[in-house]
Amino acid sequence: AVRREEAGSAMVARALWALLAALRTGWCLLPQRGYLHPDEFFQAPEVMAGDILNLQVYYPWEFLSSSPCRTVVFPLMTSGVTYWVIKSLQQLDICSNCINSYTLLVSPRLLFTVFSFILDYSVYRLAPFWGADPWKALVLLAGSYVTLVFYTRTFTNTLEGLLFALLMVLVSSRKSSGSSAEPTSSSLIGVITTAGFFNRPTFLAFALMPLLYWASLIVDSQKSIKTLINHFLKLILCACFTAIVFITADTFYFTSVSLDNLYSTNKSSLIDVIAQLHEKMVVTPFNFLSYNLNPHNLALHGSHPRVTHFTVNGVMLFGILHILAIDAGFKMLKKYVHRLVLVRWCYRGPPGLLVHSEGSPTLLLFYFVPLAFLSLFSHQEPRFLIPLILPLVLFSASPNRAVKWKLLLVLFNLLGALLFGCLHQGGLIPCLFHLEQLIHSPASSSHPQHYTLLFAHTYMPPRSLLNIKKTDMHVEVIDMAGSGEETLCQTVEQQARNFTCSDCRIFIVIPGTVRATITKCGVSFRNETLIFPHLSMEDPPQIPVLSSGNWSSQLGLYILELNKDH
């Protein structure tokens, strides 16, 4: 009877996971309206849209040749590949309108969504090793709004989480008999660790515990010092080779070095070519660290208390699972200290936090050690912690840790998916879709017009979604960010004074919560379009106004067309 009940539970879990996996893919294609952070566009898709599709874009400072802080390898392998595919399809006339705002948004996201199933694979592989229930862990993973929303977006943090998952799979090997297997993946571990470092140097914080665990496995399993050295030598050589690949690619990209330039008319020797490359060499992680280790630079992006990850961001992402992990961590620490006191004179060897048979303490270290290292920096955003979902769900799905709080987990993830997947800055992407259709409408094509698009109090609009070629000069985008009332009105009035040509159209995009500001600028509008929903946490709606019946405008984004006759 017990076995039948377990089999029935496993079947239900399989069906639930399949449903959640379909939701993950379907919601990506729908697409998701929420806009989490500008980095989801400006660390890959926006840059690649300019380079590969020749669209008007905004290049962030990290991708300028004067301050290269991001590797170009991963953007090329992800957004670059998807944009090359849709460009090729359009050039081959397989699809006449392959390049549009929808495909520009969804194609890179779809690739990341496919990649996100690396997490599911990793959980399924790792669960038996760490003593967790595979299907319970998979349901926890697939049902988390972090997986549904963050892991389907084009963040470098998403790639960091996937590489962390692969690293955990490589260091967790077990024979069919159940004992730990001799590590044989030294080369791959070197490649993934280096790739993760070039993607985000913070990857070293996540890689530290897996690497220490792997090293302890090697030391325990090897009798020969020669074999031991061989493992570490493979790792170092593969890490160096991977670093050379990344440095070469970044150097060619950021310094515009080409083989034609290197082999110029003076027919440089190979030694001269190597010397030129060495002189122009770009090592993006070092530039990244140099910038981010400066407290003044971090303050420009926002400073937070050092405990923000522990007390706020962990709860915001993982809810009760984070709180339960903290509780278990304190209990483990108390037990460990107690054991140290009792056996300090007679116990041989370490007290056993990395004993391979005890999965839970080690998984807690895999969770809290990166959390502690990331807390050393004053700039702390929730997305920095998304790679930690893997050790957390494995820890939470242990058989002796029955998930109680099921209803709370469901409600928490529904709320998170609604807030971040739909509401948060949720009007900006549909707004860009609407403007792209307007600019490329048949009427606009037959009678070319000049468009001025002014965005105020929104996240930075990704210009690529407007699908404007670099050679087209009839669209101007003005990003006012969070400008004050006086600056905003001055800009609007200046645009109104310059509103002289017959084929000019000026649109102002602004959240409903600051809609009243525009009315003070002494201009009128001939057209209003309200996109719902849109929640701006920088300009949140006022509770009294929400309850007064005017809630739709407070939770909306306005597209206002300036009246020329004013």
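# Reading helices and a sheet in a predicted model

User: Which residues does the UniProt annotation "transmembrane region" cover here?

Analyst: According to the unreviewed UniProt entry, "transmembrane region" covers residues 159-177, 197-219, 231-254, 310-330, 362-378, 384-400 and 407-428. Keep in mind that the model itself is predicted.

User: How do I check such a span against the coordinates? What are the helix content and end distance of residues 231-254, say?

Analyst: Look at the secondary structure, then at the end C-alpha atoms. Residues 231-254 are 100% helix and 0% strand, with end C-alpha atoms 35 Å apart. Now try residues 197-219: that span is 87% helix and 0% strand, and its end C-alpha atoms lie 25 Å apart.

User: Next, helix packing. At what angle do H9 and H11 cross?

Analyst: For a helix pair, go through axis distance, angle, handedness and contacts. Helix H9 (residues 186-199) and helix H11 (residues 225-254) cross at roughly 35 degrees, their axes coming within 7 Å. The crossing is right-handed. On the H9 side the contact includes Ile-189, Val-191 and Phe-198, and on the H11 side Leu-235, Phe-246 and Asp-250 are among the residues involved. Sorted by class, the H9 contact with H11 has ten nonpolar, six polar and two charged residues.

User: In which sense do S1 and S3 pair?

Analyst: Strand S1 (residues 450-455) pairs with strand S3 (residues 504-511) in the parallel sense, over six bridges.

User: Let's end on a single residue. Is Leu-562 buried or exposed?

Analyst: Leu-562 is in strand S5. It counts as buried because its relative accessibility is 2%, and the cut-off for buried is under 20%. Then list its contacts: leaving aside neighbours within four places in sequence, Leu-562 touches Ala-496, Phe-499, Ile-506, Val-523, Ser-524, Phe-525 and Arg-526. Leu-562 and Phe-507 are 55 residues apart in sequence, yet 6.2 Å apart in space, C-alpha to C-alpha.

Terms used:
Residues are numbered from 1 along each chain as its sequence is written. This is a predicted model: local features need pLDDT of at least 70, side-chain atom pairs count only at pLDDT 80 or more; totals for chains, interfaces and linings use all residues. Side-chain values use heavy atoms; hydrogens and water are left out. Axes are lines fitted to C-alpha atoms, for helices over the stretch in contact, and angles run from 0 to 180 degrees between N-to-C directions. Helices (H or I, at least four residues) and strands (E, at least two) are DSSP runs, numbered from the N terminus. A crossing is left-handed if the near helix is turned anticlockwise from the far one by less than a right angle, and right-handed if clockwise. Contact means heavy atoms within 4.5 Å. Ala, Val, Leu, Ile, Met, Phe, Trp, Tyr, Cys and Pro count as nonpolar, Asp, Glu, Lys and Arg as charged, and the others, Gly among them, as polar. UniProt positions are given in the numbering used here, feature names are shortened, and annotations may be inferred rather than shown by experiment. Two strands pair if DSSP finds at least two bridges between them. Buried means under 20% relative accessible area, exposed over 50%, partly exposed in between (1.4 Å probe, protein chains only).
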